[in-house]
Amino acid sequence: MYNMTNRLRNRLELWGMVEFENELDEIDREEQKIKDIYCNILPRHGEVNEFDNTNIEYVRTLQTIIVRKKSIDNPQIDMFFKDNKGKKYEVIDFFEDYKNRQFWEFKTKIVYE
């Protein structure tokens with residue numbers, strides 16, 4: 001039997017918008033690290049583009065990040081992941097693993113300029 005949990009070998013930081021009370025006693029939101037998680041990162045696609053009328057290129061890569069559902073209780077579209085080298089994996093969308101219903105699959109992108 002295939003056990004996906006054994007493949008969760010990559011460690012990433014989970015970041016998201018967290019509510020806090022600012023100096024005016026108002027509820028505000030800011031980006032904060034939520035926790036470290038273990039996941040499986042599957043590269044999907046990459047492309048090189050150029051900004052119009054410039055010599056500046058940017059590279060965009062797409063990945064699927066698989067995480068145990070117990071690791072992320074309430075996923076949000078404004079969450080993102082960071083690795084130990086500072087790369088930011090922006091969430092495009094996410095859905096439940098339909099086969100086992102034990103994992104979240106996040107479609108993410110990294111943009112290099």
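Before starting, I wrote down one cut-off: a residue counts as buried when its relative accessible area is under 20%. I also reminded myself that this is a predicted model.

**Entry 1: one residue.** I picked Ile-37, which sits in strand β2. Is Ile-37 buried or exposed? Its relative accessible area comes to 2%, so I put Ile-37 down as buried. Leaving out residues up to four places away in sequence, I found Ile-37 touching Asn-10, Arg-11, Leu-12, Val-67, Ser-71, Ile-72 and Phe-81. I also checked Glu-19: it is 18 residues from Ile-37 in sequence, and their C-alpha atoms lie 21 Å apart.

**Entry 2: the core.** Next I turned to the largest nonpolar core, which has 14 residues. Leu-12, Ile-65, Val-67, Ile-72, Phe-81, Tyr-89 and Phe-106 touch the most other members. Strands β1, β2, β3, β5 and β6 each supply at least two of the core residues. Which strand gives the most? I found that β6 does, with three residues. I then followed Ile-65 and, beyond its neighbours within four places, listed contacts including Leu-12, Cys-39, Phe-81, Tyr-89, Trp-104 and Phe-106.

**Entry 3: the whole chain.** Stepping back, I counted six strands and zero helices. Of the 113 residues, 29% count as buried. Among contacts between residues at least 6 apart in sequence, 52% join residues at least 24 apart. The C-alpha atoms fill a box of roughly 50 × 50 × 25 Å along the principal axes.

Note on methods:
Residues numbered from 1 in each chain as written. Predicted model: local features only at pLDDT ≥ 70, side-chain atom pairs only at ≥ 80, totals over all residues. Heavy atoms only, no water. Core = buried A, V, L, I, M, F, W, Y, C linked by side-chain atoms within 4.5 Å. Buried < 20%, exposed > 50% of the residue type's maximum accessible area, 1.4 Å probe, protein only. Helix = DSSP H or I, 4+ residues; strand = E, 2+ residues; numbered from the N terminus. Contact = heavy atoms within 4.5 Å.
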